[in-house]
Amino acid sequence: MQRRPTSFDIAAIAGVSQPTVSRALSGNPSVSEETRARVLAAAEQLHYKVDKNASGLRLRQSRTLALLFFEEWSPEGAIINPFYLSLLGRMVRCCAAHGYDLLISFQQLSSDWHVDYEDSRKADGIILLGYGDYLEYRPRLEKLIERGAHFVRWGSAIEGELGATLLCDNEHGDFDATTHLLQQGRRAIAFAGTVDPAYPEFLERWRGYGRALRAAGIALDDALQVDADPSEAAGRAAVAELSKRGAEFDAVFAASDVTAIGALHALQAMGRTVPDDVAIVGFDDIPSASLSSPPLTTVTQDARQAGEALVDAILCAIEQGSATNRVLPVRLTVRESSVSA
């Protein structure tokens, strides 16, 4: 059998020492670009592949990032916002470009995920995604910090937060969405979304909604706010609750697209026309938003930009010791669900 090529074989072809080969293949900045190019050309000629496990043992690195989704349970089963799923392709490609693997795992907040991933060294860094009670999992973040773990999360930057957070401009996005509904002549706009401080992303969207109403001289009406998690069932239940209260409304802003789609289906089942009777706007711009009937107006988060930003942030934390918060822009995508013919 033909033996596998080694770094010594590469050194012989490239005309450099074996340690130089190791530094070049690991991306060490002490190696000149010219030398690195010769080493890479020799490695390609020999069909040489870096043994990531061996190099990881030497560096005490796994060259793996862990992406943890947190699940909430509802009568429909586990709730995971489809927006998060739309990040995966870009995150995998971005990890590969940096020489990392991406380990994807679904977790429950009751599990000891902080122990599993830090103490076992399954991953060099952790990316946290998911709709969960921030106050409930905060103690686990504290334990990660105690252990010196590297982690970033997608969510909302709140006072006293732990670790670096990447987020979209939730409040501005909802301000624009509510302003759009007001510009369409809507005055009784319901809000379907949780406004509990434990769910800061939804709370920020609620604040944007309230700011737009106040700017138009319209007072907040508690009867038009219904708690709703990111699920179609919650959207249907929100419409049922508004009807049960006898609330008059001509528009619904839902804090997530899946909630908005559930509300849309409920209204149609009641014989109310969207958007003529009730206009609807969501948040996220998941793939199914443009496929609903009518297509859903929504606040668009750039999944590609978000996926890349999360990977860049955790690599910055690993390589430089820390990462900083970053707010990503959003934009309103207007479709037929909010604009009458």
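These legends accompany close-up views of a predicted model.

**View 1. Helix 2 packs against helix 3.** Helix 2 covers residues 18–25 and helix 3 covers residues 33–45. Their axes are 9 Å apart and meet at an angle of about 95°. Because angles of 65 to 115 degrees count as roughly perpendicular, helix 2 is described as roughly perpendicular to helix 3. To find the contact on your screen, look for Thr20, Val21, Arg23, Ala24 and Leu25 on helix 2. Their counterparts on helix 3 are Thr35, Arg36, Val39 and Leu40. By residue type, this contact between helix 2 and helix 3 comprises 5 nonpolar, 2 polar and 2 charged residues.

**View 2. Phe83 and Tyr84 form an aromatic pair.** The structure holds 6 aromatic pairs, and the one shown here joins Phe83 to Tyr84. The ring centres are 6.0 Å apart, with 55° between the planes, a tilted arrangement. Both Phe83 and Tyr84 are buried.

**View 3. Phe191 and Tyr209 bring a strand and a helix together.** Phe191 belongs to strand 7 (residues 189–192) and Tyr209 to helix 10 (residues 200–215), so the pair ties together parts that are 18 residues apart in sequence. Phe191 is buried, as is Tyr209. If you widen the view, you can follow a cluster in which ring pairs link Phe191, Trp206, Tyr209 and Phe253.

**View 4. Ala263 sits buried in helix 12.** Helix 12 spans residues 257–269 and includes Ala263. The relative accessible area of Ala263 is 2%, so this residue counts as buried, the cut-off being under 20%. Which residues is Ala263 in contact with, leaving aside its neighbours within four places in sequence? They are Gly235, Arg236, Val239 and Ile280. Take Val239 as one of these partners: Val239 and Ala263 are 24 residues apart in sequence, while their C-alpha atoms are 5.9 Å apart in space.

Conventions
Residues are numbered from 1 along each chain as its sequence is written. This is a predicted model: local features need pLDDT of at least 70, side-chain atom pairs count only at pLDDT 80 or more; totals for chains, interfaces and linings use all residues. Side-chain values use heavy atoms; hydrogens and water are left out. Axes are lines fitted to C-alpha atoms, for helices over the stretch in contact, and angles run from 0 to 180 degrees between N-to-C directions. Helices (H or I, at least four residues) and strands (E, at least two) are DSSP runs, numbered from the N terminus. Angles under 35 degrees count as roughly parallel, over 145 as roughly antiparallel, 65 to 115 as roughly perpendicular and the rest as oblique. Contact means heavy atoms within 4.5 Å. Ala, Val, Leu, Ile, Met, Phe, Trp, Tyr, Cys and Pro count as nonpolar, Asp, Glu, Lys and Arg as charged, and the others, Gly among them, as polar. Rings of Phe, Tyr and Trp (its six-membered ring) pair if their centres lie within 6.5 Å; planes under 30 degrees apart count as stacked, over 60 as edge-to-face and the rest as tilted. Buried means under 20% relative accessible area, exposed over 50%, partly exposed in between (1.4 Å probe, protein chains only).
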